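Dear colleague,

I am passing the structure on to you below, and my notes on it follow directly after.

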Amino acid sequence: MKLNSDGSFGTDGRAGAGMIVRDGAGKIIFSACRHLHVCRDALEAELSALMVSLVLSRKWSNLPILVESD
């Protein structure tokens, strides 16, 4: 599986996460977005998005995961 994850951060502290997981052929296994609790900065939002994405990925499949994030 390939997991693409991204976090977003607003100057008011609000943050969100987006993710998509595809199989080896590029077929979408699942995609999701989540509101994150208040984050201190963009790095915390990115890391929180990655953690949430990994947890959800493990619920959908036990296949190895290739992670891509910015």
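Ser-5 sits in strand S1, which spans residues 2-9 (helices, H or I of at least four residues, and strands, E of at least two, are DSSP runs numbered from the N terminus). This is a predicted model, in which local features need pLDDT of at least 70 and side-chain atom pairs count only at pLDDT 80 or more, while totals for chains, interfaces and linings use all residues. Residues are numbered from 1 along each chain as its sequence is written, and side-chain values use heavy atoms, with hydrogens and water left out.

With a relative accessible area of 5%, Ser-5 is buried (buried means under 20% relative accessible area, exposed over 50%, and partly exposed in between, with a 1.4 Å probe and protein chains only). The side chain of Ser-5 makes a polar contact with that of Ser-53, at 3.1 Å; a polar contact here is a pair of N or O atoms within 3.5 Å, where within protein one must be able to donate a hydrogen and the other to accept it, and residues adjacent in sequence count only if both atoms are side-chain atoms. Leaving aside residues up to four places away in sequence, Ser-5 also touches, among others, Gly-18, Met-19, Ala-49 and Asp-70 (contact means heavy atoms within 4.5 Å).

Leu-3 lies in strand S1 as well, and Leu-3 is buried, with a relative accessible area of 0%. Its contacts, again not counting residues up to four places away in sequence, include Ile-20, Leu-54, Ile-65 and Val-67. Leu-3 and Val-67 are 64 residues apart in sequence, yet their C-alpha atoms are 4.8 Å apart in space.

Turning to charged pairs, the count comes to three salt bridges, a salt bridge being a side-chain nitrogen of Lys or Arg within 4 Å of a carboxyl oxygen of Asp or Glu. Lys-2 pairs with Glu-68, their closest N and O atoms being 3.0 Å apart, and this pair links distant parts of the chain, since Lys-2 is in strand S1 and Glu-68 in strand S4 (residues 66-69), 66 residues apart. Lys-2 is partly exposed at 30% relative accessibility, and Glu-68 is partly exposed at 41%.

Asp-12 forms a salt bridge with Arg-14, with the closest N and O atoms 2.8 Å apart; Asp-12 is partly exposed at 49%, whereas Arg-14 is exposed at 57%. Arg-40 and Glu-44 form another, at 3.4 Å between the closest N and O atoms, and here Arg-40 is exposed at 72% while Glu-44 is partly exposed at 23%.
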